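Please find below a colleague's note on the model shown here.

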Amino acid sequence: MARYLFRRLLYFVPVVFLVTVVVFSITMLLPGDPALAFLGEANMRDKVAYETMRKELGLDRPIPVQYAIWLGKAVRGDLGRSVRTHEAVTDALAARLPVTIELAVVALGIALVVAIPVGIISAVRPDSWLDTTATVMAVSGVALPEFFVGILLIYLFAVWLRVLPPSGYVPLSGGLWPNLKSIILPALSLGLTLNAVTMRQVRASLIEVMREEYVTVARAKGLPEREVIRVHALKNAMIPVITVIGLQVGRLFGGTVVVETIFAFPGMGRLAADSIFFRDFPALQGVVLVMALAVLMCNLLTDLLYAYVDPRIRYA
Amino acid sequence: MSAESSIAARLTSRRIPRRAGSPSFFTRLFRTRGSLFGLVVLALVLLLATLATLIAPYNPNKTVETILQRPGIHNWLGTDHLGRDILSRLLYGTRVAVLAGAVSVGLAVLLGVSIGLMAGYWGGWVDDVLMRIVDTLWAFPTLVLALAIAASLGPGLSNAMVAIGIVFTPAFARLVRGQALSIRERDFAIAARALGAGPLRMMLCHIWPNVVGPIIVQSSLLIPQAIIVEATLSFLGLGIEPPNPSWGSMLRQAYQYIERAPWLSLFPGAAIFITVLGLNLLGDGLRVTLDVRLRQRGVS
């Protein structure tokens, strides 16, 4: 396991380095002059102020040098200042990250609580009415974009039934129930697609495992079907599900951009959308970097978990 | 072209006759209702996109009625916040969806196949360098990377399609690289190399024909995803520029009037849902039909 961990970490480092190069390059391409954006409209014609600002931001240096300076600062936790709010990007991210993590965790929770039992029932009773209903729901769930689900949920629960707020976030410090009320609709919007993907994977992998010889042997030994599924089939069937859940983290983060925009959530996704709208390149750099690193970390954890539960992977 | 490599190319591209009694590709594909539904949706979407200018009752960007009209005889699906006909805008939006799906995935195929063929055929440091770049792109959440690229390039349909194309490139590059790695070690490929086939000939005549199937399947699964990403970019204001309609931008405008005119959101949302659902089902059908292993296991 230690050798496998070392190998994976060795592979992780150059990818992280390349991620920083891509993040830096993308934001370098953003239209508009960052120095002008920082100066604002009032000082736009002041040439001396403009040159000073360019120097201050390091824009007068060659691009590789700019990258090296940016990376050096980023490693020390300095991602620059927001063009729009002049707040330190690291502070802005630190304030918004918990909101996005809470949203993602609740969405993941909703998805798994529904997907795993329904997936198991579908696999155990294939072609039953429940399997057909679950499959139709899963196939439909994958075809529904998060923002359309969000709009439908707002209409249903906030406009028509008036039982939940249409937008806004109440932090946990404002009370558990108000917090849950504010988070339930965005989490449902995000969780529905995730639920569909996970449910299909649980079903497919359990059906596959149920055809294995060791399951037949367990049945031949006279074990009750419930025991066969719980003890023998489910454990192995859940291994590919781990990968699917791990891979969905990127999708979750992507989904937060649009869901947080619809529900006016003060999270990282909203910060990304706002920074695009206001051409706030340091903030955009920060959000994209943090999201990419989070996805890379999740992929690494998924790989390690996979190798832990399935020894064939680490000896391959 | 040498005679030997031409013989090798003909041998590898020769069609294998179908066994008597075995069902044809189309019979197998349309055995499931999902694939059939998908084909009907695809045909309908293509037809509507092609005939949009002829069948749209009004100019999609012109005010034709009072604002926020309910669906009725004059405006079958009602009017939006500027009094424009929803049906006409929806029909023109179909063109954007078709274009976004086809062009962005086409670009991803072009980039991904080129990278995958080079990495898989040459291996070594070429493979290492190209695959690290691909892995880097793979590390970004799809939508976040598409947003960042689209924001860098500026709003507009073409830029959105380029952004989606770049984001989907790793999927094809990894697929083709894997296939190329295994194909280049097979007897027919070794024979062709021994007969003097160069790298370009090997890639185009020997490896490419063997990866077309998986690429078709992957494309069919990614086109609906591309439609969703384009709609999302348009929803966030980075797709098609106003006043031209796309399903995503229509939803963005409709969302502002959810209390007064909820039907405005329903039509573009339903259009995305039905199109993506149909294409997903068709893609699944193609995957099962073209993948011998899945077919043997009876996966549906």
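The numbered points below begin with the basis of the model.

1. This is a predicted model, in which local features need pLDDT of at least 70, side-chain atom pairs count only at pLDDT 80 or more, and totals for chains, interfaces and linings use all residues. Residues are numbered from 1 along each chain as its sequence is written, and chains are lettered from A and ligands numbered from 1 in the order in which they are written.

2. Chain A contributes 38 residues to the contact and chain B contributes 36 residues; two residues are in contact if their C-beta atoms, placed from the backbone, lie within 7 Å. On the side of chain A that touches chain B, the largest share, 7 residues, comes from α10(A). That side comprises 33 nonpolar, 4 polar and 1 charged residues (nonpolar: Ala, Val, Leu, Ile, Met, Phe, Trp, Tyr, Cys and Pro; charged: Asp, Glu, Lys and Arg; polar: the others, Gly among them).

3. L147(B) is among the residues with the most contacts inside the largest nonpolar core, which has 157 residues (a set of buried Ala, Val, Leu, Ile, Met, Phe, Trp, Tyr and Cys residues joined through C-beta atoms within 7 Å; buried means 20 or more other C-beta atoms within 10 Å of a residue's own). Beyond its neighbours within four places in sequence, L147(B) touches V257(A), A272(A) and I276(A), as well as L233(B), L236(B) and L238(B).

4. The axes of α10(A) and α11(A) come within 7 Å and cross at roughly 85° (lines fitted to C-alpha atoms over the stretch in contact). These two helices, α10(A) and α11(A), are therefore roughly perpendicular (65 to 115 degrees). Residues of α10(A) in this contact include V257(A), and those of α11(A) include A272(A).

Terms used
Helix = DSSP H or I, 4+ residues; strand = E, 2+ residues; numbered from the N terminus. Buried ≥ 20, exposed ≤ 12 C-beta atoms within 10 Å, placed from the backbone. Axes fitted to C-alpha atoms, helices over the stretch in contact; angles between N-to-C directions. Parallel < 35°, antiparallel > 145°, perpendicular 65-115°, else oblique.
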